[in-house]
Structures are given as C-alpha cells and as structure tokens.
Amino acid sequence: MPHKQYAVIGIGRFGSSVATSLSKLGFDVLAIDSDEHKVQDIANFVTHAVTADSTDEEALRALGLRNFDVVVVAIGADIQASILTTLILKELGVPQLIVKAQNDLHGKVLNKIGADKVVFPERDMGQRVAHHLISPNILEYIELSNDYSIVELKAPKFAVGKNLKQLDIRAEYKCNVLAIKTGNELNISPYADDVIKENDVLVIVGRSEHLADLELDYADS
Ligand code: ATP
C-alpha cells in the first residue's frame, strides 16, 4: 500500500507537533506557513516546507494540495483564515480535511463547510488534565459525543481479585467495561467471571455523568 501524503497548514505549536510526529512515523509531510521563520524552523524535520498564504487559492492550487490524501489545517487565532483555507481546500477536493477549532462556534462553522474532522486540542487536553486531577488512576479520557465518553483507569486496590460480576459496574454505574488491559495484553469484551489483577487498566464506556460517579468511587487505590 503506498504511503499516504500529508500536508499541514499552520506550523504553530499544534501544527508543528502533528507535522513532526507524522514525519517521525515515516510519512511524507508538506508543511505550509505564511511565516517564513516557522517554515525555516521545521524544514529539517519534514519532507517539504513552504512559505505560502493558505487563503490564496492560486497558491494552494500551485502546491498541488488536491493530490494530498489528508490535509490538516492548524491555524488557530486567525479564525477567518482558518475558515477560508478550509473552504478552498474543500473546493479543491481534498479527500480528508482535519481542522483545528479555536472554540465551539468556530467548530460548528468548520463542520458546516465540510471539514471531515474538527479537533479541539486545548479543550480536550484541559478535560484530560481535569480528569487526571480528580484521580491519578485516570489515564485517558475521550469524549465520544456530548453525552458519552470512554475512560481508561487503573484498577483501584479494592477491585483487585474481584471479577466483573462482583464489581457489577453495569448495575452500579450504568457503564460497560469494554476491555481489561494487563500489561501489553488487551482482553476485549471481557467475561463476567474475568478477574481484575493488580495494575490492570479498565476501559469503560458510559454516559459522562455516570462515568463521573465511577471515577470518584474508583479514585482511591
Ligand atoms: P498553536 O496553539 O498551535 O501554537 P495557535 O492556535 O496560537 O497555534 P496561530 O499561532 O494563530 O494558532 O496559528 C498557527 C500558525 O498558522 C502560525 O504559525 C501562523 O503563522 C499560521 N498561519 C496563520 N494564518 C495563516 C495563513 N493564512 N496561511 C498560512 N499560515 C497561516
């Protein structure tokens, strides 16, 4: 399978992290920014780095952006530039457009004009830090929708040696255990009689308010 071609527009903190991470993973990355200093700084870490204003349709056309599989728009503060860039890329026919949003309203507009995925890195990381503060046992928190989330948490001491039936997370919290991680092993769709071991990680899905109750109860280890 040929490697996908990626382009990242806007090489701020988020964009440069996306671009260099893809590059480290072995993918071809074109990085674009209107600030030539940003372009110089990233040039050694990506396949190509170009200075261009992404609100200039001709410039994007000339760079052949419609031939890229995935384009990430990581322009934050200048919401107008972010929206214009997204519109132009959509019209050029980019197959997958991922756009960073500054706030909810910006995100709504991006969805309306055809962004395939809208990401809110500051909001998401803020949520994760908050959940980690409630309990250091919480390793990961992913919001699936307005109502549902997935949480990954280290099994508290009281759960060790018990099976899922005894913990009865479904009845107590109306949440479901999707998987149990033991080291690198992942037990997907565990059975009711599977026993929790020390240092196991539970992956649980449920309504966010129900998960919040569980997070508090499972905070002590
Ligand atoms: P981060 O938090 O990721 O650092 P940010 O949300 O503060 O980013 P900005 O710094 O405003 O976002 O934008 C990210 C980058 O996008 C900047 O390097 C900026 O030069 C670039 N940028 C802004 N407008 C354009 C444009 N029209 N064309 C190309 N690049 C642009």
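Student: Why is Asp147 called partly exposed?
Tutor: Asp147 has a relative accessibility of 36%, and partly exposed is the class between buried (under 20% relative accessible area) and exposed (over 50%), with a 1.4 Å probe and protein chains only. Asp147 therefore counts as partly exposed. The model is predicted, so local features need pLDDT of at least 70 and side-chain atom pairs pLDDT 80 or more, while totals for chains, interfaces and linings use all residues. Residues are numbered from 1 along each chain as its sequence is written, and side-chain values use heavy atoms, leaving out hydrogens and water.

Student: What makes the contact of Asp147 with Arg207 a salt bridge?
Tutor: The two side chains meet at 4.0 Å, N to O, and the term requires a side-chain nitrogen of Lys or Arg within 4 Å of a carboxyl oxygen of Asp or Glu. Asp147 lies in the loop between S7 and strand S8 (148-154) and Arg207 in strand S11 (residues 201-207), so the pair ties together parts that are 60 residues apart in sequence. Arg207, at 28% relative accessibility, is partly exposed. Helices (H or I, at least four residues) and strands (E, at least two) are DSSP runs, numbered from the N terminus.

Student: How do you know that Arg123 and Glu143 are paired?
Tutor: Their salt bridge is likewise given as 4.0 Å, N to O. Arg123 belongs to helix H6 (residues 121-134) and Glu143 to strand S7, so the pair ties together parts 20 residues apart in sequence. Both ends are partly exposed: Arg123 has 37% relative accessibility, and Glu143 has 34%. Arg123 and Glu143 are also linked with Asp104 and Asp124 in a network of salt bridges. The whole structure holds ten salt bridges.

Student: Why is the phi of Asp168 worth noting?
Tutor: Most residues other than glycine have a negative phi. Asp168 is not a glycine, yet its phi is positive, about 50°. Asp168 sits in the loop between helix H7 (164-167) and helix H8 (169-173) and is partly exposed, with a relative accessible area of 29%. Ser189, also not a glycine, has a positive phi near 50°; its place is the loop between strand S10 (185-188) and S11.

Student: Is Ser189 buried or exposed, and how do you know?
Tutor: Ser189 has 52% relative accessibility, so it counts as exposed.

Student: What makes the largest nonpolar core a core, and which residues touch the most other members?
Tutor: The term denotes buried Ala, Val, Leu, Ile, Met, Phe, Trp, Tyr and Cys residues joined through side-chain atoms within 4.5 Å. Of the 23 residues in the largest one, Ile9, Leu60, Leu65, Val71 and Leu89 touch the most other members. Elements giving two or more residues include strand S1 (5-9), strand S2 (28-33) and helix H4 (79-92). H4 supplies the largest share, four residues.

Student: How do you know that Glu140 is partly exposed?
Tutor: Glu140 has 26% relative accessibility and therefore counts as partly exposed. Glu140 lies in strand S7 (residues 138-143). Glu140 and Ile150 are ten residues apart in sequence and 8.1 Å apart in space, C-alpha to C-alpha.
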